[in-house]
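Please keep the sequence and the coordinates at hand.

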Amino acid sequence: GSLYKIFLKRKLAIQKWKFGKNNDYEDLQLVDSVFYVLASSGDITRIKFYSADSLQAEIFKFPAEGKNEFESMFYDETTNSLNMICKDCEGDKKKSITTWAFNIMDGSYKISSLAIDISAIAKDLGLEKIKLKPSATAINPVTNELFILSSVNKSLIIVDQSGQVKEAYPLNPSLYKQPEGIAFTPNGDLL
């Protein structure tokens, strides 16, 4: 339940803020000087700083009942929402994965129109079937494509804004033992 700021050019200079209790926190997004932290349950904590040592943390409970697990979220500026792709959600069917949108203006959740077709990913990877479990997501700021990393399947999937699979790449497990993070620089370099 702590947020850390690490200065890349100052050795051993680390700031730390406590925002919540121990939890299975999975992802972090910064939108207009406000931090959003995703818990695996789908709960989102909004963290606003008022000064260097003063913050307010507000928790938004995920509304769907049942077993739901998330590991990643990405910000969509066109809808002003954080989108979370199910890693393992009770309502998902074997043919697609659903996403949920969290509206940062009013703190509400809804099922997003973005659905990802699993069979297209399996086809691109040369597999008969696949159980996709997204572990990280990011939007390429140059192409606006969504990149999805799956640690379980050791794969990188690229989809357009409607969820149509454009490409899928297997990742070498000897190089990528547990790929769970992805980001882009402003010029579109993938990290």
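In this predicted model, Gly42 touches Phe62, Phe70, Met84 and Tyr109, leaving out residues up to four places away in sequence. Gly42 sits in the loop between β4 (34–39) and β5 (44–51). Its relative accessibility is 0%, so Gly42 counts as buried. Arg10 is 32 residues from Gly42 in sequence, and the C-alpha atoms of the two are 34 Å apart in space.

The largest pocket comes next. It holds about 770 Å³ of space. Its lining is made up of 29 residues, of which Gln29, Tyr75, Ala138, Ile139 and Phe184 are the closest to the centre. At least two lining residues come from each of β3 (25–31), β7 (68–76) and β11. The most is given by β3, with six residues.

Now to the charged pairs. Side chains of opposite charge can pair when their charged atoms come close. The structure contains seven salt bridges. One of them joins Arg46 and Glu58, with the closest N and O atoms 2.8 Å apart. Arg46 belongs to strand β5 and Glu58 to strand β6 (residues 54–60), so this pair ties together parts 12 residues apart in sequence. Arg46 is buried because its relative accessible area is 12%, under the 20% limit. Glu58, at 32% relative accessibility, counts as partly exposed.

Another salt bridge is formed by Glu145 and Lys166, whose closest N and O atoms are 2.8 Å apart. This pair links distant parts of the chain: Glu145 lies in the loop between β11 and β12 (146–150), and Lys166 lies in strand β14 (residues 165–170), 21 residues apart. Glu145 counts as buried at 14% relative accessibility, whereas Lys166 counts as partly exposed at 46%. Elsewhere, salt bridges that share partners join Lys67, Asp88 and Lys133 into one network.

Asp88 is in strand β8 (residues 81–89) and Lys67 is in the loop between β6 and β7. Lys133 is placed in the loop between α1 (118–125) and β11 (136–139). With 17% relative accessibility, Lys133 counts as buried. Beyond its neighbours within four places in sequence, Lys133 contacts Lys87, Asp88, Leu149, Ser150, Ser151, Val152 and Asn153.

What lies on the surface? A nonpolar patch there is formed by Tyr4, Ile6, Leu8 and Ile14, which together have about 520 Å² of accessible area. Ile14 is part of strand β2 (residues 14–18) and, at 53% relative accessibility, counts as exposed.

Definitions and conventions
Residues are numbered from 1 along each chain as its sequence is written. This is a predicted model: local features need pLDDT of at least 70, side-chain atom pairs count only at pLDDT 80 or more; totals for chains, interfaces and linings use all residues. Side-chain values use heavy atoms; hydrogens and water are left out. Patches are made of residues with over 30% relative accessible area and no salt bridge: like charges are joined within 9 Å, nonpolar side chains (Val, Leu, Ile, Met, Phe, Trp, Tyr) within 5 Å. Accessible areas come from the Shrake-Rupley method with a 1.4 Å probe; for residues, only the protein chains shown count as cover. A salt bridge is a side-chain nitrogen of Lys or Arg within 4 Å of a carboxyl oxygen of Asp or Glu. Helices (H or I, at least four residues) and strands (E, at least two) are DSSP runs, numbered from the N terminus. Buried means under 20% relative accessible area, exposed over 50%, partly exposed in between (1.4 Å probe, protein chains only). Contact means heavy atoms within 4.5 Å. On a 1 Å grid over the protein atoms alone, a cavity is a set of points where a 1.4 Å probe fits but cannot get out, and a pocket is an open set with protein on both sides within 12 Å along at least five of seven lines; lining residues have an atom within 4 Å of a point. Grid points are joined across faces, edges and corners, and a volume is the space filled by probe spheres set on the points.
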